[in-house]
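Subject: Structure for you to look at

Hello,

Here is the structure I said I would pass on. Please open it and keep it in view while you read the notes.

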Amino acid sequence: MSKSKVDYGVYLVTDSTPAILGNKDLTSVVEKALQGGVTIVQYRDKTSDREAAVKTARALHEVTRRFGVPLLVNDRVDVAVEVGCEGVHIGQDDMAYEEARKLLGPDKIIGVTASSLEEALKACEAGADYLGLGTVYATQTKKDTKSIIGTAGIRSILLGLSSAGHSIPTVCIGGINGSNAISVLAESSAAPAKSLDGIAVVSAIVAAQDPAAAARDLLGKVVAGRVPDVIKAVAAATPLSHNMTNLVVQNFAANVALAVGASPIMANYAEEAADLAKLGGALVINMGTVTPEGLKNHIQALQAYNAAGGPVVLDPVGAGATSIRRNAVKTLLSSGKFTVIKGNEREIQTVYGASVTQRGVDSSSSLTISQRASLAKSVARSTGAVVVLTGKTDVVSDGVRTLRVDNGHEFLGRVTGTGCTLGTTISAMEAAFRSDPLIAAVAGMVLFEIASERAAVRDDVRGPGTFVPAFIDELSAIRTETAKGDVAWLARSKIE
Ligand code: 3NM
Ligand code: MG
């Protein structure tokens, strides 16, 4: 487990006291939380004797290792050394950083609590691997907290760290739960400082009736918290969205690209692709009206973008409908690498290689949500692409992280080209936000679907016809609001 690869997104801190844990078993709570998507675990136990603490830590380590997630021990460096887990977390009153480092060696993770910029800078300079910032809000879980600094306090520490040139990972702690996570993340961040990397919680998971559901919800909130960064990156870059798309959606897709802040070009002639690929944008290959000539163009353009390192989105429209389309999908998959593959259930099943027959290009669904999730995950693993499986509940997977998005409005299914223009939206996000293609895809999806919800309830929208222009307006409005720092719209997001 490499230190630089640690995901601090949903950081679980355990508590074994009856007030928080109740009569549940700590190891099984942690296991459920890991199933829900916790990305790092800290065993915090201030009262057990050493022997009991070592025993519990070993049991927890056995579980966290199965999930490939690091286990840290709070304060008790000797316990961490004996168990051989991935590191420790130390508070300001615990063992000094230098001493802990000597005992643990250079490869273990050492996190430090900081309540002020001064403490944060000191820990950073000493060599800490990450910082736990807090206390954000007063909490029943820890009554002896030194200072409640709120999101304003977090923001000023982040700004101070960034001015001093530090990009250390940070999480915040204290009174954070599913209801306030999005606003904590939004209020804590201030460009150009790096945003928080995650949120740390005790009671929101340990005291929850269903720790898996609580963890899933928090993971969704952490992902949602990163969506504004993606939309702002698009607004800042105005990336090219190069669409090789079908006859039906050219105009709609170009307008959607403009509304989300991209610069569209509808260019189906592959000889242009090598030049276009150099402009820093992304390519959409949409199989909607497949022809032999079209397929040749798609392959050539795919390879041009692969050579230039530009993202490529595949939209295998109607992939299962005919043998021509099934073969076209196979040919495309074997001709290059896709960043994102977006389709409905039948289309993604076809990509998977299942021989399903599909009537026309309409979407229908026969799998349960967990079957859809494992389908998306399998295709992501076999293709190396982020898979966006659309439906009433959408699934997005990169093969490791699998998220469900429950936004959108039925009008999206009653006008043509919405699936195709979602591909265009995602291409813009991928072009501007290269560091995490899964987050970029989720951002595109959430922006698109929340815009549809806002449009559908407008007084001037009476049906699918009036919906389309309102939808384009809302896409554009959300982009403008987000660029100004107003992310109230994200409260509608349903990601888990
Ligand atoms: N450390 P909850 S606050 C363990 O401020 C801990 O350093 C804190 O619990 C700090 O998520 C805290 O239940 C408890 O509010 C956080
Ligand atoms: Mg401590």
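Predicted model: local features only at pLDDT ≥ 70, side-chain atom pairs only at ≥ 80, totals over all residues.

**The ligand**

Which residues come nearest to ligand 1? Of the 13 residues around ligand 1, they are T135, T139, T141, G175 and S203. By type, the shell holds three nonpolar, eight polar and two charged residues.

The side chain of T141 has an N or O atom 2.5 Å from an oxygen atom of ligand 1. With G175, the contact comes from the backbone: an N or O atom there lies 2.7 Å from a ligand 1 oxygen. V202 also uses a backbone N or O atom, at 2.8 Å from an oxygen atom of ligand 1. On its own, ligand 1 has 420 Å² of accessible area, and the protein covers 94% of that area.

T135, one of the residues nearest to the ligand, has another feature to look at. The peptide bond that joins G134 and T135 is cis, with omega at about 10°. T135 sits in the loop between β6 (130-133) and α7 (150-163). For background, most peptide bonds are trans.

Start with T39, in the loop between α2 (26-36) and β2 (40-43). Is T39 buried or exposed? T39 counts as buried because its relative accessibility is 12%, and the cut-off for buried is under 20%. The T39 side chain reaches the backbone nitrogen of G9 at 3.3 Å. Leaving out residues up to four places away in sequence, T39 touches D7, Y8, G9, V10, V69 and P70.

N268 is placed in the loop between β10 (263-266) and α12 (273-277). With a relative accessibility of 35%, N268 counts as partly exposed. The side chain of N268 reaches the backbone nitrogen of T245 at 3.2 Å. N268 and T245 are 23 residues apart along the chain, and their C-alpha atoms are separated by 7.3 Å. Apart from neighbours within four places in sequence, the contacts of N268 are N243, M244, T245, Q250 and N297.

**Helix α15**

How many of the eight residues of helix α15 (residues 345-352) are buried? Seven of the eight are, so α15 is largely enclosed by the rest of the structure. The buried residues are E345, R346, E347, I348, Q349, T350 and V351. They pack against β12 (312-315), α14 (323-335), β13 (340-343), α16 (369-383) and β14 (386-389).

Both ends of α15 have something to check. At the start, a side-chain oxygen of N344 comes to within 3.2 Å of the backbone nitrogen of R346. Just after the helix, G353 has a positive phi of about 105°.

Most residues other than glycine have a negative phi. Two residues to look at here are D75 and T238.

- D75 is not a glycine, yet its phi is positive, at about 70°. D75 is in the loop between β3 (71-74) and α4 (77-83). With 23% relative accessibility, D75 counts as partly exposed.
- T238 has a positive phi near 40° and is likewise a residue other than glycine. T238 lies in the loop between α10 (211-237) and β9 (240-244). At 43% relative accessibility, T238 counts as partly exposed.

**An exposed residue in a helix**

G465 belongs to helix α19 (residues 464-483). G465 counts as exposed because its relative accessible area is 56%, and the cut-off for exposed is over 50%.

Regards

Methods
Residues numbered from 1 in each chain as written. Chains lettered and ligands numbered in written order. Heavy atoms only, no water. Near = heavy atom within 4 Å. Polar contact = N/O pair within 3.5 Å; in protein donor to acceptor, adjacent residues only side chain to side chain. Areas by Shrake-Rupley, 256 points an atom, 1.4 Å probe, with all protein chains shown as cover. Nonpolar A, V, L, I, M, F, W, Y, C, P; charged D, E, K, R; others polar. Helix = DSSP H or I, 4+ residues; strand = E, 2+ residues; numbered from the N terminus. Buried < 20%, exposed > 50% of the residue type's maximum accessible area, 1.4 Å probe, protein only. Contact = heavy atoms within 4.5 Å.
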